[in-house]
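Please consider the model below.

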Amino acid sequence: MRTRIKELRAKYNLTQKALALKVGVRRETIVFLEKGKYNPSLKLAHDISRVLKTRIDELFIFDDD
């Protein structure tokens, strides 16, 4: 899985910590999500996509591998 979290965070000038605070997780969770090392719950994916003003399927890209 790949994500566009880092790209969209930059667009809205949000730090990892600021995004984490807005969605109620630790900064490390955002780090792991950006690296593709953590699969979020549906609620967390929804919350992040809402903050970053995008759809879940545009935020998280699942490769067909």
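The dialogue that follows moves from the whole chain to single residues.

Visitor: On what basis are the values given?

Guide: This is a predicted model, in which local features need pLDDT of at least 70, side-chain atom pairs count only at pLDDT 80 or more, and totals for chains, interfaces and linings use all residues. Side-chain values use heavy atoms, with hydrogens and water left out, and residues are numbered from 1 along each chain as its sequence is written.

Visitor: In what order do the elements of the chain run from the N terminus on?

Guide: Helices (H or I, at least four residues) and strands (E, at least two) are DSSP runs, numbered from the N terminus. The chain has five helices and two strands. Their order is β-α-α-α-α-α-β.

Visitor: What percentage of the contacts between residues at least 6 apart in sequence join residues at least 24 apart?

Guide: A contact means heavy atoms within 4.5 Å. Among the contacts in the chain between residues at least 6 apart, the share that joins residues at least 24 apart is 55%.

Visitor: Which residue does Arg 9 meet in a salt bridge?

Guide: A salt bridge is a side-chain nitrogen of Lys or Arg within 4 Å of a carboxyl oxygen of Asp or Glu, and the structure holds eight of them. For Arg 9 the N to O distance is 2.6 Å. The pair links distant parts of the chain, with Arg 9 in helix H1 (residues 5-11) and its partner in helix H3 (residues 27-34), 25 residues apart. The partner is Glu 34.

Visitor: Is Arg 9 buried or exposed?

Guide: Buried means under 20% relative accessible area, exposed over 50%, and partly exposed in between (1.4 Å probe, protein chains only). Not counting residues up to four places away in sequence, Arg 9 touches Leu 14, Thr 15, Gln 16, Leu 19, Glu 34 and Leu 52. Glu 34 has 17% relative accessibility and counts as buried. With a relative accessible area of 10%, Arg 9 is buried.

Visitor: What is the relative accessible area of Glu 7?

Guide: Glu 7 forms a salt bridge with Arg 4, the closest N and O atoms being 2.8 Å apart. Arg 4 is partly exposed at 27%. Glu 7 is also partly exposed, with a relative accessible area of 47%.

Visitor: With which residue does Arg 50 meet in a salt bridge?

Guide: Both residues lie in helix H4 (residues 42-51), three residues apart, about one turn of the helix. An α-helix has 3.6 residues a turn, so residues three or four places apart point the same way. The N to O distance is 3.9 Å, and the partner of Arg 50 is Asp 47.

Visitor: Which residues of H4 are buried?

Guide: The cover over the buried residues of H4 includes H1, helix H2 (16-23), H3, helix H5 (56-59) and strand S2 (60-61). Asp 47 counts as buried at 10% relative accessibility. The buried residues in H4 are Leu 44, Ala 45, Asp 47, Ile 48, Ser 49 and Val 51.
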